[in-house]
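Open the model in your viewer and keep the sequence beside it. The tour below goes from one selection to the next.

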Amino acid sequence: RTNPFKQAIREGRPQIGLWSQLMHPLVADILKEAGFDWIVLDMEHGQNEIQDVLVQQMAMTGGTAEPVVRPPWNDMVYLKRILDTGAQTVLIPMIDDAEQAARAVSYCQYPPQGLRGVASGMRANRFGRIKGYHPLANEQICVLVQVESRKALENIDAIAAVAGVDGVFIGPTDLSTGLGHLADPNHPEVQAAIRHAVERCKAAGKPAGILTADNAAAERYLDWGYTFVAVGGDTGILANGADALAGKFLKL
Ligand code: 3PY
């Protein structure tokens, strides 16, 4: 399977995404109709397990959005299992330096380039039906690494330069915390860091991504040159929708 999301971010075409933590194929089915370019199935902060991301990807088949699976950690076993489910794009949290970024890439690539374990029949190769899957898989896998600490920010040039890193995602909440402003991405120092980060990615020739539920911030990040921007999440959409409806009628 080709990976149009990987191609789009490589060419600098903006890709608008959505975060999903609601762990259910019906949710994925509802969201896929909205037309987003990518949807994160979050195993780091969501409660998704491997079966959840498997069935949600099945539900997303035929939609526009690239499933982007975030493992809880930069871990070879998680990544191997995620890639076997057919996910072609992964978002790997808490990458602090080039060595960690290179390890992340290696977990996602078959030998000789990497260390990904090899199965012969799995959902990723349609249970053995895609005969040429293995030699072509490395090309289609898209590895996004998260820069979200002070140390990572200091090392962003080296992280972005790692071969096989296809995009750098700034985690605004963790980054703000790492800079001493707990869960406050709007703090001026954090905003300056977010702006600086996209410039460093541009200099390295790598697309940058970010998440915000604030529409004005999303537009600002796109203006600054962020390529893949998640503009909200399913938990927030549901909570806000429920609160708005309750607020409208319960006070009557
Ligand atoms: C962050 O904001 O720190 C993220 O990783 C996105 O959830």
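Two residues are in contact here if their C-beta atoms, placed from the backbone, lie within 7 Å. This is a predicted model, in which local features need pLDDT of at least 70 and side-chain atom pairs count only at pLDDT 80 or more, while totals for chains, interfaces and linings use all residues. Residues are numbered from 1 along each chain as its sequence is written.

Select V143. Apart from neighbours within four places in sequence, V143 has contacts with V90, I92, A104, V105, C108, G164, V165 and D166.

Next, colour the largest nonpolar core, which has 66 residues. Such a core is a set of buried Ala, Val, Leu, Ile, Met, Phe, Trp, Tyr and Cys residues joined through C-beta atoms within 7 Å; buried means that 20 or more other C-beta atoms lie within 10 Å of the residue's own. The members touching the most others are I39, V90, V143, V145, I159 and A197. Helix α10 (residues 188-204) gives the most to this core, 6 residues. Helices are DSSP runs of H or I, at least four residues, numbered from the N terminus.

Now show the ligand. Around the ligand are H45, Q146, E148, G171, P172, T173, D174 and L211, a residue being near if its C-beta atom, placed from the backbone, lies within 6 Å. Helix α9 (residues 172-178) gives the most to this shell, with 3 residues.

Last, select helix α2 (residues 25-32) and helix α3 (residues 50-60), whose axes come within 8 Å and cross at roughly 35°. Axes are lines fitted to C-alpha atoms over the stretch in contact, with angles from 0 to 180 degrees between N-to-C directions. P25, A28, D29 and K32 of α2 meet V55, Q56, M58, A59 and M60 of α3.

Notes: Helix = DSSP H or I, 4+ residues; strand = E, 2+ residues; numbered from the N terminus. Buried ≥ 20, exposed ≤ 12 C-beta atoms within 10 Å, placed from the backbone.
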